[in-house]
Amino acid sequence: MSQDSVKNIMSYETVALDDENSALVIIDQTKLPGKVEILHLTEQKDIWNAIYLLQVRGAPAIGVAAAFGVYLAAKRIEATSYDSFYAQFLAAKEYLDSSRPTAVNLSWALRRMERVVLENANKSIPEIKELLHQESVAIKDEDVWMCRQIGEYGLSLIKDGDGILTHCNAGQLATSKYGTALAPIHLGRERGMNFKVFTDETRPLLQGARLSAFELFADGVDTTVICDNMASQVMKNGWVQAVFVGCDRVAANGDACNKIGTSGVAILAKYYGIPFYVCGPTSTIDMSVARGEDIPIEQRPAHEVTEMWYQQRMAPEGVNVYNPAFDFADHELITAIITEYGIARPPFTESLKEIFRKKQEAQKK
Ligand code: MRU
């Protein structure tokens, strides 16, 4: 696709609710960049599949999709008692929660929705359904705000003309707007700044080549796609002043789980003395998990490595395949974690607590 034909991707909503038609509306990200196809999903099985198959993907976006999904499930429940309503709601919640294990935003958003049901047991079922509607919309609206804040904080760490390397897609396509790791770049563009961005293609599902390059290019950003194994060379050339990546779950000690390959990029950045920034909202920080080793890592099917995207199979039939979808950057490799409540720096065991203290203060107001 030419730059002109991709221009309007930034004006599409990654995840939306069509309440009138009881549908979750998403851009099918498995079709990008070749085709912008909008899906209207009404069945729970289709919503589950959309998350599992990465038609909608990225930690914040799957949280929003799950919130809308469970609201749509609740809307359909025909129950005469609260207990029966809650039992059916719980089954729908657990079903969606089983679609992907690593990004904590999924269970975070679903828990938020469940809390609405639990805290309003004295209300009528139609009232609870309306409160669930409001909560799902709030989850999305807050996501836009969080990404903008992350963008502002991130932008304060770079200057016009900098070279930036990113891995996977933590952009608008992974959130409700702006993205996390790409938010500083999109915000910088709005202010007339120019960055030179290197996007790792991100094997095996190519989120960097297909999605980050697509949305950055559409936004007029100077974008260069590189194979994952070229990052070292690009850094060695002196072309990268900062690395920005997203995250799927950050442990209490700052270990940051993100798309497979992130750990290697962090090691390279440390070697070349380049700051390595992890961008994520507090909904991605899981203080109940002490360290990266305790984060569940999704294992994906072999065909994503051996066949998908190729014209013909690229590995012998029957060969073993290892396909973990995520790894984590050790906290010692991370320069800072950028959240909507500020920039956390080492030691993260302290600074992340401080971020949550700020969040609590802000929520009291
Ligand atoms: O498997 P994906 O494409 O859902 O993985 C996405 C990532 O790893 C992103 O970097 C992360 O979710 C942050 S999105 C703002």
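This talk walks through selected local features of one structure, which is a predicted model.

Good morning, colleagues. I shall begin with the aromatic rings. A pair of aromatic rings is described by the distance of the centres and the angle of the planes. The structure holds 7 aromatic pairs. In one of them, the ring centres of tryptophan 48 and tyrosine 52 lie 5.5 Å apart and the planes meet at 25°, so this pair is stacked.

Where do tryptophan 48 and tyrosine 52 sit? Both belong to helix H2, residues 44–52, and being 4 residues apart there, they are separated by about one helical turn. Tryptophan 48 is buried, at a relative accessible area of 17%, whereas tyrosine 52 is partly exposed, at 25%. Together with Tyr95, the residues Trp48 and Tyr52 form one aromatic cluster.

A second stacked pair consists of phenylalanine 198 and tryptophan 239, with 5.9 Å from centre to centre and 10° between the planes. Which parts of the chain does this pair tie together? Phenylalanine 198 is in strand E5 (residues 196–200), and tryptophan 239 is in the loop between helix H9 (231–236) and strand E7 (242–245), so the pair links parts that are 41 residues apart in sequence. Phenylalanine 198 counts as buried, with 3% relative accessibility. Tryptophan 239, by contrast, is partly exposed, with a relative accessible area of 46%.

Next, I turn to charges over rings. The charged end of lysine 259 sits over the ring of phenylalanine 326, at 4.3 Å from the ring centre. Lysine 177 lies over the face of tyrosine 178, and here the distance to the ring centre is 5.3 Å.

Tyrosine 178 counts as buried, with a relative accessibility of 9%. Serine 22 also has a positive phi without being a glycine, with a value near 50°. Serine 22 lies in the loop between strand E1 (15–18) and E2, and is partly exposed, at a relative accessible area of 28%.

Staying with the backbone, I come to the cis peptide bonds. One of them runs from leucine 32 to proline 33, with omega near 5°. Proline 33 is in the loop between E2 and E3. Glycine 34 is also placed in the loop between strand E2 (23–27) and strand E3 (38–41). Is glycine 34 buried or exposed? Glycine 34 is exposed, with a relative accessible area of 57%. Although 176 residues separate glycine 34 from arginine 210 in sequence, their C-alpha atoms are 8.7 Å apart in space. Another cis peptide bond joins proline 346 and proline 347, where omega is about 0°. Proline 347 is in the loop between strand E14 (342–344) and H12.

Now to the cysteines. A disulfide is a covalent bond between the sulfur atoms of two cysteines. How many disulfides does the structure hold? The number is 0. For cysteine 257, the nearest cysteine sulfur is that of cysteine 247, 9.0 Å away. Cysteine 257 counts as buried, at 0% relative accessibility. For cysteine 279, the nearest cysteine sulfur is again that of cysteine 247, at 7.7 Å. Cysteine 279 also counts as buried, at 1% relative accessibility.

The ligand is my next topic. There are 19 residues around the ligand, and Arg57, Arg100, Asp248, Asn258 and Lys259 come nearest. An N or O atom in the side chain of aspartate 248 is 2.8 Å from an oxygen atom of the ligand. The backbone takes part as well: an N or O atom of glycine 58 is 3.0 Å from a ligand oxygen, and one of alanine 59 is 2.8 Å from a ligand oxygen. On its own the ligand has 420 Å² of accessible area, and the protein covers 99% of this.

Serine 283 is buried, with a relative accessible area of 4%, and its side chain is joined to that of asparagine 105 by a polar contact of 3.2 Å. Thank you for your attention.

Terms used
Residues are numbered from 1 along each chain as its sequence is written. This is a predicted model: local features need pLDDT of at least 70, side-chain atom pairs count only at pLDDT 80 or more; totals for chains, interfaces and linings use all residues. Side-chain values use heavy atoms; hydrogens and water are left out. Rings of Phe, Tyr and Trp (its six-membered ring) pair if their centres lie within 6.5 Å; planes under 30 degrees apart count as stacked, over 60 as edge-to-face and the rest as tilted. Helices (H or I, at least four residues) and strands (E, at least two) are DSSP runs, numbered from the N terminus. Buried means under 20% relative accessible area, exposed over 50%, partly exposed in between (1.4 Å probe, protein chains only). A charge sits over a ring if NZ of Lys or CZ of Arg is within 6 Å of the ring centre and within 35 degrees of the ring normal. A disulfide is a pair of cysteine sulfur atoms within 2.5 Å. A residue is near a molecule or strand if one of its heavy atoms lies within 4 Å of it. A polar contact is a pair of N or O atoms within 3.5 Å; within protein, one must be able to donate a hydrogen and the other to accept it, and residues adjacent in sequence count only if both atoms are side-chain atoms. Accessible areas come from the Shrake-Rupley method with a 1.4 Å probe; for residues, only the protein chains shown count as cover.
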